[in-house]
Amino acid sequence: MAANAQYILALDQGTTSSRAILVDRFGNSAGMAQQEFRQFFPQPGWVEHDAAEIWDSQLAVIREVLSRGVDGKPVAADQLRAIAITNQRETTVLWDRATGKPLANAIVWQDRRTRERCTELQAQGRAADIQARTGLLLDPYFSATKLQWLLDTLPGARERARRGELAFGTIDTWLAWNLTAGRVHATDPSNASRTMLLDLHTLQWDETLLELFDIPHALLPAVVPTSGVIGESDPGLLGCAVPIAAMVGDQQAAMFGQACFSRGMAKNTYGTGCFMLLNTGEHPVPSHSRLLTTVGWQLGRPQGTVPVTTYCLEASVFMGGATIQWLRDGLGIIGSAPEVEALAASVPDVADTYLVPAFTGLGAPIWDSDARATLIGMTRGTTRAHIARAALEGIALQVVDVFDAMQRDSGIALAELRVDGGASKNDLLMQMQADFLGIPVVRPRITETTALGAAYLAGLATEIWHDTESIESHWTEERRFEPAITSDQREAKLDRWHQAVERSEGWANP
Ligand code: ADP
(Lines give C-alpha, C1' and ligand atoms only; values in the text may rest on other atoms or scores of the structure.)
Protein backbone atom coordinates (compact mmCIF):
# COMPACT_ATOMS: atom_id res chain seq x y z
CA MET A 1 0.00 0.00 0.00
CA ALA A 2 1.51 3.34 -1.05
CA ALA A 3 2.28 5.87 1.69
CA ASN A 4 0.12 8.48 0.03
CA ALA A 5 -2.89 6.19 -0.12
CA GLN A 6 -5.34 8.52 1.54
CA TYR A 7 -8.73 8.00 -0.05
CA ILE A 8 -11.34 5.35 0.38
CA LEU A 9 -13.34 4.50 -2.70
CA ALA A 10 -16.88 3.75 -1.55
CA LEU A 11 -19.13 1.90 -4.00
CA ASP A 12 -22.81 2.54 -3.32
CA GLN A 13 -24.68 0.09 -5.53
CA GLY A 14 -28.35 1.05 -5.18
CA THR A 15 -31.63 -0.14 -6.68
CA THR A 16 -31.75 2.43 -9.46
CA SER A 17 -28.16 3.65 -9.78
CA SER A 18 -24.52 2.79 -9.13
CA ARG A 19 -22.42 5.41 -7.43
CA ALA A 20 -18.73 5.77 -6.57
CA ILE A 21 -17.65 8.21 -3.88
CA LEU A 22 -14.16 9.25 -2.81
CA VAL A 23 -13.94 9.75 0.94
CA ASP A 24 -10.93 11.46 2.49
CA ARG A 25 -9.32 10.70 5.86
CA PHE A 26 -11.51 13.29 7.57
CA GLY A 27 -14.66 11.54 6.47
CA ASN A 28 -15.48 14.14 3.81
CA SER A 29 -16.75 13.33 0.35
CA ALA A 30 -14.10 14.42 -2.19
CA GLY A 31 -15.91 13.39 -5.36
CA MET A 32 -18.85 11.39 -6.68
CA ALA A 33 -19.98 9.83 -9.94
CA GLN A 34 -23.33 8.17 -10.58
CA GLN A 35 -24.95 6.16 -13.35
CA GLU A 36 -28.44 4.74 -13.64
CA PHE A 37 -29.15 1.32 -15.11
CA ARG A 38 -32.19 -0.42 -16.54
CA GLN A 39 -35.08 -1.85 -14.54
CA PHE A 40 -36.98 -4.78 -16.04
CA PHE A 41 -40.62 -5.55 -15.23
CA PRO A 42 -41.29 -8.74 -17.23
CA GLN A 43 -44.59 -9.52 -15.46
CA PRO A 44 -46.77 -7.80 -12.86
CA GLY A 45 -44.94 -7.97 -9.52
CA TRP A 46 -41.62 -9.00 -11.11
CA VAL A 47 -38.55 -6.73 -10.94
CA GLU A 48 -35.20 -7.65 -12.49
CA HIS A 49 -31.75 -6.17 -13.10
CA ASP A 50 -29.07 -7.23 -15.56
CA ALA A 51 -26.19 -8.07 -13.19
CA ALA A 52 -23.64 -7.57 -15.97
CA GLU A 53 -25.01 -4.06 -16.49
CA ILE A 54 -24.77 -3.40 -12.76
CA TRP A 55 -21.08 -4.33 -12.84
CA ASP A 56 -20.44 -2.29 -16.02
CA SER A 57 -22.13 0.79 -14.51
CA GLN A 58 -20.24 0.34 -11.24
CA LEU A 59 -16.88 0.10 -13.04
CA ALA A 60 -17.75 3.10 -15.22
CA VAL A 61 -18.46 5.34 -12.21
CA ILE A 62 -15.28 4.12 -10.45
CA ARG A 63 -13.23 5.17 -13.48
CA GLU A 64 -15.15 8.44 -13.79
CA VAL A 65 -14.68 9.52 -10.18
CA LEU A 66 -10.96 8.68 -10.31
CA SER A 67 -10.32 10.48 -13.59
CA ARG A 68 -12.27 13.54 -12.48
CA GLY A 69 -10.24 13.36 -9.29
CA VAL A 70 -9.86 16.00 -6.60
CA ASP A 71 -9.13 19.71 -7.16
CA GLY A 72 -8.83 19.14 -10.89
CA LYS A 73 -6.19 16.40 -10.55
CA PRO A 74 -7.01 12.76 -11.29
CA VAL A 75 -6.71 10.30 -8.42
CA ALA A 76 -4.55 7.23 -9.20
CA ALA A 77 -5.36 3.79 -7.83
CA ASP A 78 -2.23 3.88 -5.64
CA GLN A 79 -3.79 6.83 -3.79
CA LEU A 80 -6.62 4.55 -2.66
CA ARG A 81 -6.25 2.98 0.75
CA ALA A 82 -9.21 0.69 0.28
CA ILE A 83 -12.41 -0.08 -1.57
CA ALA A 84 -15.68 -0.27 0.41
CA ILE A 85 -18.84 -1.89 -0.94
CA THR A 86 -22.36 -1.01 0.15
CA ASN A 87 -25.34 -2.27 -1.76
CA GLN A 88 -29.03 -2.86 -2.32
CA ARG A 89 -29.78 -5.91 -0.21
CA GLU A 90 -31.51 -9.25 -0.91
CA THR A 91 -31.24 -8.95 -4.72
CA THR A 92 -30.23 -12.38 -5.98
CA VAL A 93 -27.61 -13.21 -8.62
CA LEU A 94 -26.70 -16.68 -9.92
CA TRP A 95 -23.67 -17.04 -12.18
CA ASP A 96 -21.32 -19.52 -13.82
CA ARG A 97 -18.01 -19.75 -11.94
CA ALA A 98 -16.06 -20.59 -15.12
CA THR A 99 -17.31 -17.75 -17.33
CA GLY A 100 -18.41 -15.26 -14.67
CA LYS A 101 -21.65 -14.81 -16.64
CA PRO A 102 -25.03 -14.58 -14.88
CA LEU A 103 -27.42 -17.41 -15.77
CA ALA A 104 -30.41 -15.06 -15.72
CA ASN A 105 -31.36 -11.55 -14.73
CA ALA A 106 -30.93 -10.75 -11.04
CA ILE A 107 -34.18 -10.97 -9.06
CA VAL A 108 -34.56 -7.64 -7.23
CA TRP A 109 -35.61 -7.36 -3.58
CA GLN A 110 -38.91 -5.75 -4.67
CA ASP A 111 -39.87 -8.80 -6.75
CA ARG A 112 -42.98 -10.68 -5.49
CA ARG A 113 -42.90 -13.75 -7.80
CA THR A 114 -42.30 -16.17 -4.92
CA ARG A 115 -45.38 -15.14 -2.97
CA GLU A 116 -47.03 -18.52 -3.53
CA ARG A 117 -44.01 -20.39 -2.24
CA CYS A 118 -44.08 -18.24 0.91
CA THR A 119 -47.82 -18.87 1.38
CA GLU A 120 -47.16 -22.60 1.04
CA LEU A 121 -44.42 -22.51 3.69
CA GLN A 122 -46.69 -20.44 5.90
CA ALA A 123 -49.42 -23.08 5.58
CA GLN A 124 -46.87 -25.75 6.55
CA GLY A 125 -46.28 -23.81 9.75
CA ARG A 126 -42.65 -22.95 8.96
CA ALA A 127 -42.78 -19.20 9.66
CA ALA A 128 -41.99 -19.28 13.39
CA ASP A 129 -39.00 -21.59 12.93
CA ILE A 130 -37.65 -19.47 10.07
CA GLN A 131 -38.00 -16.34 12.20
CA ALA A 132 -36.24 -17.99 15.14
CA ARG A 133 -33.32 -19.05 12.94
CA THR A 134 -32.94 -16.00 10.70
CA GLY A 135 -34.69 -13.13 12.49
CA LEU A 136 -36.77 -12.56 9.34
CA LEU A 137 -40.45 -12.77 8.48
CA LEU A 138 -41.35 -15.32 5.83
CA ASP A 139 -41.65 -13.09 2.76
CA PRO A 140 -40.64 -13.00 -0.94
CA TYR A 141 -38.51 -9.93 -0.12
CA PHE A 142 -35.58 -12.07 1.07
CA SER A 143 -33.19 -14.03 -1.17
CA ALA A 144 -33.96 -17.66 -0.25
CA THR A 145 -37.16 -18.17 -2.27
CA LYS A 146 -35.72 -16.11 -5.14
CA LEU A 147 -32.69 -18.42 -5.36
CA GLN A 148 -34.92 -21.47 -5.09
CA TRP A 149 -37.04 -20.12 -7.95
CA LEU A 150 -33.95 -19.71 -10.16
CA LEU A 151 -32.76 -23.25 -9.38
CA ASP A 152 -36.25 -24.66 -10.04
CA THR A 153 -36.74 -22.74 -13.26
CA LEU A 154 -33.40 -22.73 -15.09
CA PRO A 155 -32.87 -26.10 -16.79
CA GLY A 156 -30.08 -28.12 -15.16
CA ALA A 157 -29.18 -25.34 -12.73
CA ARG A 158 -29.56 -27.35 -9.52
CA GLU A 159 -27.43 -30.22 -10.87
CA ARG A 160 -24.74 -27.80 -11.98
CA ALA A 161 -24.95 -26.09 -8.60
CA ARG A 162 -24.38 -29.44 -6.86
CA ARG A 163 -21.30 -30.03 -8.99
CA GLY A 164 -19.91 -26.67 -7.81
CA GLU A 165 -20.11 -25.02 -11.23
CA LEU A 166 -22.32 -22.11 -10.15
CA ALA A 167 -22.13 -19.30 -7.61
CA PHE A 168 -24.85 -17.41 -5.77
CA GLY A 169 -24.45 -13.96 -4.37
CA THR A 170 -26.19 -10.80 -3.33
CA ILE A 171 -24.84 -7.63 -4.95
CA ASP A 172 -21.93 -7.22 -2.49
CA THR A 173 -20.72 -10.69 -3.45
CA TRP A 174 -21.21 -10.06 -7.16
CA LEU A 175 -19.17 -6.84 -7.04
CA ALA A 176 -16.35 -8.41 -4.97
CA TRP A 177 -16.22 -11.35 -7.41
CA ASN A 178 -15.88 -9.00 -10.38
CA LEU A 179 -13.43 -6.65 -8.66
CA THR A 180 -11.15 -9.62 -7.91
CA ALA A 181 -11.60 -11.31 -11.30
CA GLY A 182 -13.31 -14.27 -9.62
CA ARG A 183 -10.77 -14.81 -6.83
CA VAL A 184 -13.09 -13.86 -3.95
CA HIS A 185 -16.54 -15.37 -3.38
CA ALA A 186 -17.64 -13.85 -0.08
CA THR A 187 -20.36 -11.94 1.70
CA ASP A 188 -20.62 -10.27 5.10
CA PRO A 189 -23.17 -10.96 7.86
CA SER A 190 -25.14 -7.73 7.24
CA ASN A 191 -25.91 -8.95 3.73
CA ALA A 192 -26.03 -12.67 4.54
CA SER A 193 -28.57 -12.05 7.30
CA ARG A 194 -31.00 -10.83 4.60
CA THR A 195 -30.90 -14.03 2.57
CA MET A 196 -33.12 -16.03 4.99
CA LEU A 197 -30.42 -18.73 4.84
CA LEU A 198 -28.13 -17.53 7.63
CA ASP A 199 -28.32 -18.68 11.24
CA LEU A 200 -28.45 -15.35 13.04
CA HIS A 201 -26.80 -16.77 16.15
CA THR A 202 -23.84 -18.66 14.68
CA LEU A 203 -23.53 -16.53 11.51
CA GLN A 204 -23.14 -19.73 9.53
CA TRP A 205 -25.31 -20.93 6.65
CA ASP A 206 -28.20 -22.89 8.15
CA GLU A 207 -28.22 -26.49 6.85
CA THR A 208 -31.90 -27.01 7.74
CA LEU A 209 -32.91 -24.01 5.67
CA LEU A 210 -30.64 -24.98 2.78
CA GLU A 211 -32.48 -28.29 2.75
CA LEU A 212 -35.89 -26.63 3.02
CA PHE A 213 -35.18 -24.39 0.02
CA ASP A 214 -33.23 -27.15 -1.80
CA ILE A 215 -30.13 -25.01 -2.15
CA PRO A 216 -26.78 -26.82 -2.60
CA HIS A 217 -24.12 -25.63 -0.17
CA ALA A 218 -21.56 -25.40 -3.00
CA LEU A 219 -23.35 -22.30 -4.31
CA LEU A 220 -22.73 -20.19 -1.24
CA PRO A 221 -20.13 -17.51 -0.58
CA ALA A 222 -17.88 -17.54 2.49
CA VAL A 223 -19.19 -15.33 5.31
CA VAL A 224 -16.45 -12.87 6.32
CA PRO A 225 -16.47 -9.85 8.69
CA THR A 226 -18.14 -6.65 7.47
CA SER A 227 -14.96 -4.69 8.20
CA GLY A 228 -11.80 -6.55 7.17
CA VAL A 229 -9.62 -7.01 4.09
CA ILE A 230 -11.06 -9.80 1.96
CA GLY A 231 -8.76 -9.53 -1.05
CA GLU A 232 -7.43 -7.08 -3.60
CA SER A 233 -8.90 -5.71 -6.76
CA ASP A 234 -7.46 -7.22 -9.93
CA PRO A 235 -4.41 -5.06 -10.86
CA GLY A 236 -5.60 -4.85 -14.47
CA LEU A 237 -8.79 -3.09 -13.44
CA LEU A 238 -7.57 0.23 -12.02
CA GLY A 239 -3.81 0.15 -12.67
CA CYS A 240 -2.78 -1.44 -9.39
CA ALA A 241 -4.30 -3.72 -6.75
CA VAL A 242 -6.43 -2.04 -4.06
CA PRO A 243 -7.56 -3.85 -0.89
CA ILE A 244 -11.30 -4.49 -0.57
CA ALA A 245 -11.89 -3.76 3.10
CA ALA A 246 -15.65 -3.62 3.72
CA MET A 247 -18.91 -5.07 2.46
CA VAL A 248 -22.14 -3.92 4.09
CA GLY A 249 -25.85 -3.70 3.29
CA ASP A 250 -27.09 -0.18 2.57
CA GLN A 251 -29.28 0.34 5.66
CA GLN A 252 -26.64 -1.01 8.02
CA ALA A 253 -24.06 1.21 6.29
CA ALA A 254 -26.26 4.26 6.94
CA MET A 255 -26.51 3.21 10.58
CA PHE A 256 -22.70 3.01 10.81
CA GLY A 257 -22.39 6.33 8.94
CA GLN A 258 -24.60 7.85 11.64
CA ALA A 259 -22.07 6.59 14.20
CA CYS A 260 -24.83 4.61 15.95
CA PHE A 261 -22.20 2.33 17.45
CA SER A 262 -23.65 1.56 20.85
CA ARG A 263 -26.72 -0.23 22.15
CA GLY A 264 -29.79 2.00 22.22
CA MET A 265 -28.78 4.29 19.35
CA ALA A 266 -31.15 4.57 16.40
CA LYS A 267 -31.49 6.13 12.97
CA ASN A 268 -34.26 6.80 10.51
CA THR A 269 -33.72 7.43 6.82
CA TYR A 270 -36.56 9.52 5.34
CA GLY A 271 -36.45 8.53 1.68
CA THR A 272 -39.27 7.21 -0.49
CA GLY A 273 -40.07 5.02 2.51
CA CYS A 274 -38.72 5.35 6.04
CA PHE A 275 -36.00 2.92 7.12
CA MET A 276 -35.43 2.52 10.83
CA LEU A 277 -32.74 0.66 12.74
CA LEU A 278 -32.16 0.30 16.47
CA ASN A 279 -28.80 -0.96 17.76
CA THR A 280 -29.59 -3.74 20.26
CA GLY A 281 -26.00 -4.65 21.11
CA GLU A 282 -24.11 -7.94 20.88
CA HIS A 283 -27.08 -10.30 20.98
CA PRO A 284 -30.02 -10.66 18.59
CA VAL A 285 -33.35 -9.53 20.06
CA PRO A 286 -36.33 -11.55 18.86
CA SER A 287 -39.30 -9.43 17.81
CA HIS A 288 -42.88 -10.03 18.93
CA SER A 289 -44.10 -7.10 16.86
CA ARG A 290 -43.23 -8.40 13.39
CA LEU A 291 -40.05 -6.36 13.13
CA LEU A 292 -36.88 -7.84 11.66
CA THR A 293 -33.88 -8.92 13.68
CA THR A 294 -30.76 -8.42 11.63
CA VAL A 295 -26.99 -8.14 11.80
CA GLY A 296 -25.75 -4.56 11.87
CA TRP A 297 -22.09 -5.36 11.24
CA GLN A 298 -19.26 -7.59 12.32
CA LEU A 299 -15.92 -5.94 12.99
CA GLY A 300 -12.88 -8.06 12.15
CA ARG A 301 -10.27 -8.27 14.86
CA PRO A 302 -6.59 -9.16 14.83
CA GLN A 303 -6.17 -12.92 14.51
CA GLY A 304 -6.89 -14.86 17.64
CA THR A 305 -9.59 -12.57 18.98
CA VAL A 306 -13.26 -12.92 18.35
CA PRO A 307 -14.97 -10.58 15.87
CA VAL A 308 -17.55 -8.33 17.51
CA THR A 309 -21.01 -8.51 16.06
CA THR A 310 -23.63 -5.82 16.50
CA TYR A 311 -27.29 -6.69 16.04
CA CYS A 312 -30.22 -4.42 15.20
CA LEU A 313 -33.97 -4.38 15.05
CA GLU A 314 -35.13 -3.11 11.69
CA ALA A 315 -38.41 -1.93 10.20
CA SER A 316 -39.59 0.22 7.37
CA VAL A 317 -42.75 2.06 6.44
CA PHE A 318 -43.71 2.13 2.77
CA MET A 319 -44.85 5.74 2.43
CA GLY A 320 -42.37 8.28 3.75
CA GLY A 321 -41.36 10.94 1.21
CA ALA A 322 -43.66 9.11 -1.21
CA THR A 323 -46.60 10.66 0.69
CA ILE A 324 -45.24 14.05 -0.31
CA GLN A 325 -44.88 12.86 -3.91
CA TRP A 326 -48.58 12.02 -3.78
CA LEU A 327 -49.43 15.56 -2.63
CA ARG A 328 -47.45 16.78 -5.63
CA ASP A 329 -48.44 14.27 -8.35
CA GLY A 330 -51.74 12.82 -7.13
CA LEU A 331 -53.40 15.86 -5.54
CA GLY A 332 -51.38 18.59 -7.24
CA ILE A 333 -51.47 20.86 -4.16
CA ILE A 334 -47.72 21.52 -4.27
CA GLY A 335 -45.35 22.00 -7.23
CA SER A 336 -42.31 20.37 -5.64
CA ALA A 337 -41.61 18.31 -2.49
CA PRO A 338 -39.83 21.09 -0.53
CA GLU A 339 -42.90 23.37 -0.99
CA VAL A 340 -44.81 21.20 1.46
CA GLU A 341 -43.02 22.77 4.41
CA ALA A 342 -44.17 26.37 3.86
CA LEU A 343 -47.70 25.23 2.98
CA ALA A 344 -48.00 23.09 6.13
CA ALA A 345 -46.49 25.85 8.27
CA SER A 346 -49.14 28.31 7.05
CA VAL A 347 -51.63 26.77 9.50
CA PRO A 348 -50.91 26.36 13.24
CA ASP A 349 -52.22 22.77 13.47
CA VAL A 350 -54.08 20.07 11.52
CA ALA A 351 -57.49 21.06 12.99
CA ASP A 352 -58.09 17.40 13.92
CA THR A 353 -57.45 16.15 10.39
CA TYR A 354 -55.44 12.93 9.90
CA LEU A 355 -53.90 11.41 6.79
CA VAL A 356 -53.05 7.72 7.21
CA PRO A 357 -50.81 7.07 4.18
CA ALA A 358 -51.77 3.40 3.71
CA PHE A 359 -51.71 3.79 -0.10
CA THR A 360 -50.06 0.37 -0.48
CA GLY A 361 -51.27 -1.11 2.79
CA LEU A 362 -49.58 -0.74 6.16
CA GLY A 363 -46.17 -2.17 7.03
CA ALA A 364 -44.57 -2.58 10.45
CA PRO A 365 -45.85 -2.94 13.06
CA ILE A 366 -49.43 -3.41 11.77
CA TRP A 367 -48.84 -5.39 8.54
CA ASP A 368 -52.19 -5.01 6.85
CA SER A 369 -51.93 -5.26 3.08
CA ASP A 370 -55.67 -4.50 2.84
CA ALA A 371 -55.39 -1.15 4.63
CA ARG A 372 -55.93 1.86 2.38
CA ALA A 373 -55.10 5.52 2.82
CA THR A 374 -57.56 7.58 4.81
CA LEU A 375 -58.03 11.32 5.11
CA ILE A 376 -60.35 11.90 8.01
CA GLY A 377 -61.68 14.77 10.10
CA MET A 378 -62.29 17.34 7.37
CA THR A 379 -64.78 20.15 7.82
CA ARG A 380 -65.77 23.10 5.60
CA GLY A 381 -62.79 24.92 7.10
CA THR A 382 -60.22 22.34 5.92
CA THR A 383 -57.73 23.65 3.37
CA ARG A 384 -54.89 22.18 1.35
CA ALA A 385 -52.59 23.54 4.06
CA HIS A 386 -54.25 21.29 6.64
CA ILE A 387 -53.90 18.33 4.30
CA ALA A 388 -50.21 19.10 3.74
CA ARG A 389 -49.69 19.35 7.48
CA ALA A 390 -51.61 16.13 8.11
CA ALA A 391 -49.41 14.40 5.50
CA LEU A 392 -46.24 15.40 7.35
CA GLU A 393 -47.75 14.35 10.67
CA GLY A 394 -48.79 11.02 9.13
CA ILE A 395 -45.17 10.26 8.23
CA ALA A 396 -43.91 11.14 11.71
CA LEU A 397 -46.68 9.23 13.50
CA GLN A 398 -46.01 6.00 11.58
CA VAL A 399 -42.37 6.30 12.66
CA VAL A 400 -43.46 6.65 16.29
CA ASP A 401 -45.46 3.40 16.06
CA VAL A 402 -42.39 1.54 14.79
CA PHE A 403 -40.06 2.90 17.46
CA ASP A 404 -42.63 2.13 20.14
CA ALA A 405 -42.64 -1.48 18.94
CA MET A 406 -38.84 -1.57 18.88
CA GLN A 407 -38.66 -0.25 22.42
CA ARG A 408 -41.22 -2.82 23.58
CA ASP A 409 -39.37 -5.71 21.91
CA SER A 410 -35.94 -4.72 23.17
CA GLY A 411 -36.69 -3.12 26.53
CA ILE A 412 -34.45 -0.26 25.42
CA ALA A 413 -35.57 3.35 25.93
CA LEU A 414 -34.47 5.54 23.02
CA ALA A 415 -32.43 8.58 24.00
CA GLU A 416 -32.38 10.33 20.63
CA LEU A 417 -33.02 9.69 16.94
CA ARG A 418 -30.47 10.40 14.20
CA VAL A 419 -31.93 11.23 10.82
CA ASP A 420 -30.96 11.36 7.14
CA GLY A 421 -32.54 11.00 3.68
CA GLY A 422 -34.21 13.53 1.38
CA ALA A 423 -37.20 14.41 3.59
CA SER A 424 -35.02 14.88 6.70
CA LYS A 425 -34.22 18.32 5.26
CA ASN A 426 -37.77 19.33 6.23
CA ASP A 427 -37.42 21.19 9.56
CA LEU A 428 -41.13 21.10 10.31
CA LEU A 429 -41.26 17.34 9.83
CA MET A 430 -38.24 16.90 12.11
CA GLN A 431 -39.85 19.07 14.80
CA MET A 432 -43.04 16.99 14.58
CA GLN A 433 -40.91 13.85 14.90
CA ALA A 434 -39.24 15.13 18.07
CA ASP A 435 -42.62 16.19 19.51
CA PHE A 436 -44.35 12.88 18.81
CA LEU A 437 -41.42 10.69 19.94
CA GLY A 438 -40.72 12.84 22.97
CA ILE A 439 -36.95 12.68 22.39
CA PRO A 440 -34.48 14.88 20.50
CA VAL A 441 -34.12 14.37 16.74
CA VAL A 442 -30.61 15.03 15.49
CA ARG A 443 -29.59 15.78 11.90
CA PRO A 444 -25.88 15.45 11.04
CA ARG A 445 -23.84 17.79 8.86
CA ILE A 446 -23.18 15.01 6.36
CA THR A 447 -26.35 13.16 5.37
CA GLU A 448 -24.55 10.94 2.78
CA THR A 449 -24.49 8.32 5.51
CA THR A 450 -24.59 5.16 3.38
CA ALA A 451 -21.33 5.72 1.49
CA LEU A 452 -19.78 7.25 4.58
CA GLY A 453 -20.63 4.24 6.75
CA ALA A 454 -19.08 1.83 4.24
CA ALA A 455 -15.98 4.06 4.06
CA TYR A 456 -15.70 4.11 7.86
CA LEU A 457 -15.84 0.31 7.96
CA ALA A 458 -13.10 0.04 5.33
CA GLY A 459 -11.04 2.74 7.05
CA LEU A 460 -11.17 0.80 10.30
CA ALA A 461 -9.84 -2.30 8.58
CA THR A 462 -6.97 -0.40 6.92
CA GLU A 463 -6.07 1.77 9.89
CA ILE A 464 -7.11 5.14 8.56
CA TRP A 465 -9.11 5.15 11.78
CA HIS A 466 -8.00 3.06 14.72
CA ASP A 467 -11.29 2.76 16.58
CA THR A 468 -14.91 3.82 16.50
CA GLU A 469 -14.15 6.69 18.92
CA SER A 470 -12.00 8.42 16.31
CA ILE A 471 -14.82 8.03 13.78
CA GLU A 472 -17.31 9.50 16.23
CA SER A 473 -15.27 12.69 16.30
CA HIS A 474 -15.99 13.19 12.57
CA TRP A 475 -19.73 12.83 13.03
CA THR A 476 -21.06 16.32 13.68
CA GLU A 477 -24.50 17.60 14.40
CA GLU A 478 -26.03 20.11 12.02
CA ARG A 479 -29.25 20.66 13.94
CA ARG A 480 -31.02 19.23 16.98
CA PHE A 481 -34.82 19.33 17.35
CA GLU A 482 -36.03 19.19 20.96
CA PRO A 483 -39.55 17.99 21.83
CA ALA A 484 -41.77 21.00 22.49
CA ILE A 485 -45.10 19.46 23.57
CA THR A 486 -46.14 17.90 26.89
CA SER A 487 -46.50 14.14 27.38
CA ASP A 488 -50.28 14.62 27.77
CA GLN A 489 -50.42 16.34 24.40
CA ARG A 490 -48.32 13.55 22.91
CA GLU A 491 -50.58 10.85 24.26
CA ALA A 492 -53.71 12.61 23.04
CA LYS A 493 -52.14 12.97 19.59
CA LEU A 494 -51.17 9.29 19.36
CA ASP A 495 -54.57 8.22 20.62
CA ARG A 496 -56.35 10.21 17.92
CA TRP A 497 -53.90 8.90 15.29
CA HIS A 498 -54.60 5.31 16.25
CA GLN A 499 -58.33 5.92 15.84
CA ALA A 500 -57.63 7.11 12.31
CA VAL A 501 -55.35 4.11 11.60
CA GLU A 502 -58.07 1.70 12.71
CA ARG A 503 -60.44 3.24 10.20
CA SER A 504 -58.00 2.58 7.37
CA GLU A 505 -57.42 -1.10 8.23
CA GLY A 506 -58.95 -3.85 6.09
CA TRP A 507 -60.58 -1.40 3.69
CA ALA A 508 -59.66 -3.29 0.49
CA ASN A 509 -61.12 -6.54 1.77
CA PRO A 510 -64.42 -5.69 3.49
P1 ADP B 1 -34.74 7.73 -2.15
O2 ADP B 1 -33.30 7.49 -1.80
O3 ADP B 1 -35.70 6.76 -1.56
O4 ADP B 1 -34.98 7.98 -3.61
P5 ADP B 1 -34.34 10.42 -1.06
O6 ADP B 1 -33.56 10.24 0.19
O7 ADP B 1 -33.63 10.98 -2.26
O8 ADP B 1 -35.14 9.10 -1.41
O9 ADP B 1 -35.58 11.38 -0.69
C10 ADP B 1 -36.55 11.69 -1.65
C11 ADP B 1 -37.92 11.71 -1.01
O12 ADP B 1 -37.98 12.76 -0.06
C13 ADP B 1 -39.03 11.95 -2.02
O14 ADP B 1 -40.06 11.02 -1.77
C15 ADP B 1 -39.52 13.37 -1.74
O16 ADP B 1 -40.91 13.46 -1.88
C17 ADP B 1 -39.12 13.59 -0.29
N18 ADP B 1 -38.70 14.97 -0.02
C19 ADP B 1 -37.68 15.65 -0.56
N20 ADP B 1 -37.58 16.88 -0.04
C21 ADP B 1 -38.57 16.99 0.89
C22 ADP B 1 -39.00 18.02 1.80
N23 ADP B 1 -38.37 19.18 1.88
N24 ADP B 1 -40.05 17.74 2.60
C25 ADP B 1 -40.67 16.54 2.56
N26 ADP B 1 -40.31 15.55 1.73
C27 ADP B 1 -39.28 15.76 0.90
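Here is a walk through this predicted model, stop by stop, with something to select at each one.

Before you click, note that residues are numbered from 1 along each chain as its sequence is written, and that side-chain values use heavy atoms, with hydrogens and water left out. Because this is a predicted model, local features need pLDDT of at least 70 and side-chain atom pairs count only at pLDDT 80 or more, while totals for chains, interfaces and linings use all residues.

**Aromatic rings**

Start by selecting Phe256 and Phe261. Rings of Phe, Tyr and Trp (its six-membered ring) pair if their centres lie within 6.5 Å; planes under 30 degrees apart count as stacked, over 60 as edge-to-face and the rest as tilted. That rule gives ten aromatic pairs. In the pair you have selected, the ring centres of Phe256 and Phe261 are 4.6 Å apart and the planes meet at 55°, so the pair is tilted. Buried or exposed, what is Phe256? Phe256 is buried, at 0% relative accessible area, and Phe261 counts as buried at 14%. (Buried means under 20% relative accessible area, exposed over 50%, partly exposed in between, with a 1.4 Å probe and protein chains only.)

Next, pick Trp95, Trp174 and Trp177, which ring pairs link into a cluster.

Now for charges over rings, meaning NZ of Lys or CZ of Arg within 6 Å of the ring centre and within 35 degrees of the ring normal. Show Arg113 with Trp149: the charged end sits over the ring, 4.4 Å from its centre. Then jump to Arg418, whose charged end is 3.6 Å from the ring centre of Trp475, again over the ring.

Helices (H or I, at least four residues) and strands (E, at least two) are DSSP runs, numbered from the N terminus. Zoom in on Asp71, in the loop between helix H1 (51–68) and strand E5 (80–87). Asp71 is not a glycine, yet its phi is positive, near 50°; the residue is exposed, at 78% relative accessible area. Glu90, in the loop between E5 and strand E6 (93–96), also has a positive phi, about 70°, without being a glycine. Glu90 is buried, though, at 2%.

**A covered helix**

Color helix H4 (residues 143–153) and hide the rest for a moment. Eight of its eleven residues are buried, among them Lys146, Gln148 and Leu150. Bring the surroundings back: the buried residues of H4 pack against several elements, including E6, helix H2 (115–123) and helix H8 (207–212). Contact here means heavy atoms within 4.5 Å.

**Ile324**

Go to helix H11 (residues 321–331), which holds Ile324. Ile324 is buried, at 6% relative accessible area. Which residues does Ile324 contact, leaving aside its neighbours within four places in sequence? They are Ile334, Ala337, Val340, Ala391, Leu392 and Ile395.

**The cis bond**

Last stop: select Ala364 and Pro365, joined by a cis peptide bond with omega about -5°. Pro365 is found in the loop between strand E17 (354–356) and strand E18 (374–376).
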